[in-house]
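Student: I'd like to learn how to read a fold from its coordinates. Can we walk through one together?

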Amino acid sequence: MAARAPIPLIAITGPTRGSHAPKLLVRLALRLAGARAELITPADPKPAIQEQAHGVVITGGHDIDPVLYADAPEVSPKYDPERDALESAVIDRALARGLPLLGICRGAQLLNVRLGGNLFQELRSRRKQTSNRWTIFPLKTLCIEPGTELEQLLGAPRARINSLHNQGIDRLGDGLVVAGRDLDGIVQAIEAPEHCCLRGVQWHPEFLLYSHGQRRLFAELVEAARRRISARDTGTDSGA
C-alpha cells in the first residue's frame, strides 16, 4: 500500500484587521493543494506555527515603509509598522531555513526589500500603456520571461493579471531575477533560481483561482514543502 503524501503546514501572514477575502482565498488555495494553512498576524504571531511551518505565504496589504530600504518617503500612503516587523522576521527566518515562500503583492515587495532591493514608491507616473486603476479583474497583460520557473508554471508566454498596488519593485534584491513584467516594463514577478520555490508576484492570484495556472502558484509551493518534509524524513534536508 502506497504511503500517504505528507500534509505540509503553510504559515500565511496578514494584517491584524481587514483583508478577509484574501486571507480566506489564500487559505482555500492552499487547502485545495493539500496543505494545512495557519494565519499569523501582528496581534497573533503564533511562534509555534512559525517554528513548525514547512512553507510561507506573505499576503498583500498596505505599502512597505521606505525606512526599510533606507529611503525617504515620497508619498503619504498608509503604513503598518507592526506588520512590517512581523513579516520581515518571518521572511528572514524562511530564507535562513530555506523554506518555500510565495510573496503576494506587498509580500513580493517586502521579499525584495529583505534581500537588499528597493521599491518605486508610486507607479502612476511610470504608466504609459497600462492603467493605474485598482481591480481584482485580470485586465493587465503579464509578459513572462522565457526560461523562468514562472513560464513553466503558467504554461504560456503571456497571462492576464489583476492589479491592486501603489508601489513596485525597482532594484532587485540579491539572488532574484525578473520573471515577468507588464506592458510598461514594470516588474510583476520575481524568483530566485538558486532557491527552492522562492518567488513573488505583484498581482493577487487568490482572486484568480478559476485559472489553472494561478492555482499552480500555490500548488507548487505546497509540493515544494512536501518535498522538504520527505527530504527531512530521509535525512537529506540540510535546512534548519
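Predicted model: local features only at pLDDT ≥ 70, side-chain atom pairs only at ≥ 80, totals over all residues.

Student: In which sense do β6 and β9 pair?

Tutor: Antiparallel: β6 (residues 135-144) and β9 (residues 177-181) share two bridges. I144 stands opposite G180 in β9.

Student: How do I describe two packed helices?

Tutor: Two packed helices are described by the angle between their axes and the distance between the axes. Axes are lines fitted to C-alpha atoms, for helices over the stretch in contact, with angles from 0 to 180 degrees between N-to-C directions. In this model, α3 (residues 81-97) and α4 (residues 106-114) pack at about 65°, axes 10 Å apart.

Student: Which residues of α3 and α4 meet?

Tutor: Contact means heavy atoms within 4.5 Å. On the α3 side you have R83, D84, E87, S88, I91, D92 and L95; they meet R106, L110, L111 and R114 of α4. That contact divides into four nonpolar, one polar and six charged residues, where Ala, Val, Leu, Ile, Met, Phe, Trp, Tyr, Cys and Pro count as nonpolar, Asp, Glu, Lys and Arg as charged, and the others, Gly among them, as polar.

Student: How many residues of α4 are buried?

Tutor: Buried means under 20% relative accessible area, exposed over 50%, and partly exposed in between (1.4 Å probe, protein chains only). Eight of the nine residues in α4 are buried, including G107, Q109 and N112. Just after α4, G116 has a positive phi of about 100°.

Student: Which residues other than glycine have a positive phi?

Tutor: Among them are S19, with phi near 55°, and C197, with phi near 60°. S19 sits in the loop between β1 and α1 and, at 30% relative accessibility, counts as partly exposed. C197 is in the loop between β10 (187-191) and β11; its relative accessible area is 5%, so it counts as buried.

Student: And the nonpolar cores?

Tutor: In soluble globular proteins, nonpolar side chains tend to be buried together. A core here is a set of buried Ala, Val, Leu, Ile, Met, Phe, Trp, Tyr and Cys residues joined through side-chain atoms within 4.5 Å. The largest has 32 residues, and L30, V57, I104, L142, L150, W203 and F218 touch the most other members. α6 gives the largest share of this core, six residues. Not counting residues up to four places away in sequence, L30 touches I10, I12, A35, A37, V57, F218, L221 and V222. A second, separate core of 27 residues includes L110, I169, L176 and L198.

Definitions and conventions: Residues numbered from 1 in each chain as written. Heavy atoms only, no water. Helix = DSSP H or I, 4+ residues; strand = E, 2+ residues; numbered from the N terminus. Pairing = 2+ DSSP bridges.
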